[in-house]
Amino acid sequence: MILSARNKAGRALWAVLYALLYRPSPRPLHGWRRFLLRCFGATIGPGAHPYPRARIWAPWQLTMGPGSALADDVYCYCVARITLGAFATVSQYSFLCSAGHDTGRLDGGHMPLVAAPITIGARAWVAADVFVGPGVTIGDEAVVGARSTVTRDVGAGEIVAGSPPRFIRMRGL
């Protein structure tokens with residue numbers, strides 16, 4: 001995967017506006033940050049809470065459903081689309097990583113970048129300091145425990161934790 005000059009220019013402009021307008025905005029001004037993200041092509045539902053220290057790599061690859069939240073210090077590396085369902089929460093220090101490298105190939109001495117979307121379902125909760133890898137779907141109402149490393153899908157309503165995550169129980173039971 002090769003990133004276009006337009007993509008790189010967009011990210012450069014976003015980095016400047018992030019530093020000047022997004023990051024220093026007061027914590028309660030979610031509406032202002034929703035506006036800025038939409039200006040850069042993000043799909044942001046009403047009442048979404050993008051916090052000021054949430055880092056978004058390419059806003060045009062981000063979808064936040066109504067009432068969803070990206071907490072402070074979340075890194076949203078959205079080379080491919082990252083989608084948060086309605087009222088989904090991603091807690092502080094989590095890393096949503098939609099790209100990696102194909103370690104089995106060397107193109108010109110470099111491992112090529114490969115990207116795959118991440119989907120976090122409605123009312124799901126990704127707790128603090130969780131890594132979510134490329135291509136992962138976390139189902140509706142699932143919970144991923146703190147400091148987990150998620151490289152495979154998590155089913156709807158499942159509560160999982162660990163690295164790799166292990167099933168704990170179904171939510172609500």
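Reply: Helices here are DSSP runs of H or I with at least four residues, numbered from the N terminus. His30 lies in helix α2. The model is a predicted one.

Me: Why is His30 called buried?

Reply: Buried means under 20% relative accessible area. His30 has a relative accessible area of 10%, so the label buried applies.

Me: What does His30 touch, leaving out residues up to four places away in sequence?

Reply: With those left out, His30 touches Ala48, His49, Pro50 and Tyr51. Its side chain also makes a polar contact with the side chain of Arg33, at 3.0 Å; the cut-off for a polar contact is 3.5 Å.

Me: Phe35 lies in helix α2 too. Why does Phe35 count as partly exposed?

Reply: Partly exposed is the range between buried, under 20%, and exposed, over 50%. Phe35 has 44% relative accessibility, and therefore counts as partly exposed.

Me: Which residues make the nonpolar surface patch?

Reply: Val16, Leu20, Leu21, Leu29, Trp32 and Phe35 make the patch, which covers about 540 Å². Both α1 (5-22) and α2 (30-39) supply at least two of its residues, and the largest share, three residues, comes from α1.

Me: What makes Asp72 and Arg53 a salt bridge?

Reply: The requirement is a side-chain nitrogen of Lys or Arg within 4 Å of a carboxyl oxygen of Asp or Glu. For Asp72 and Arg53 the N to O distance is 3.9 Å, so the pair qualifies. Asp72 is in the loop between β5 (69-70) and β6 (75-77), and Arg53 in the loop between β2 (49-50) and β3 (55-56), 19 residues apart.

Me: Is Asp72 buried or partly exposed?

Reply: Asp72 is at 11% relative accessibility and the limit for buried is 20%, so Asp72 counts as buried. Arg53, with a relative accessible area of 32%, is partly exposed.

Me: Which other salt bridge does Arg53 form, with Asp73, and at what N to O distance?

Reply: The side chains of Arg53 and Asp73 meet at 2.6 Å, N to O. Arg53 lies in the loop between β2 and β3 and Asp73 in the loop between β5 and β6, so this pair ties together parts that are 20 residues apart in sequence.

Me: How do you know that Glu141 and Arg123 form a salt bridge?

Reply: Their closest N and O atoms are 2.9 Å apart, and the cut-off is 4 Å, so the pair counts as a salt bridge.

Technical notes. Residues numbered from 1 in each chain as written. Predicted model: local features only at pLDDT ≥ 70, side-chain atom pairs only at ≥ 80, totals over all residues. Heavy atoms only, no water. Patch = residues over 30% accessible without salt bridge, like charges linked within 9 Å, V, L, I, M, F, W, Y side chains within 5 Å. Areas by Shrake-Rupley, 256 points an atom, 1.4 Å probe, with all protein chains shown as cover. Buried < 20%, exposed > 50% of the residue type's maximum accessible area, 1.4 Å probe, protein only. Polar contact = N/O pair within 3.5 Å; in protein donor to acceptor, adjacent residues only side chain to side chain. Contact = heavy atoms within 4.5 Å.
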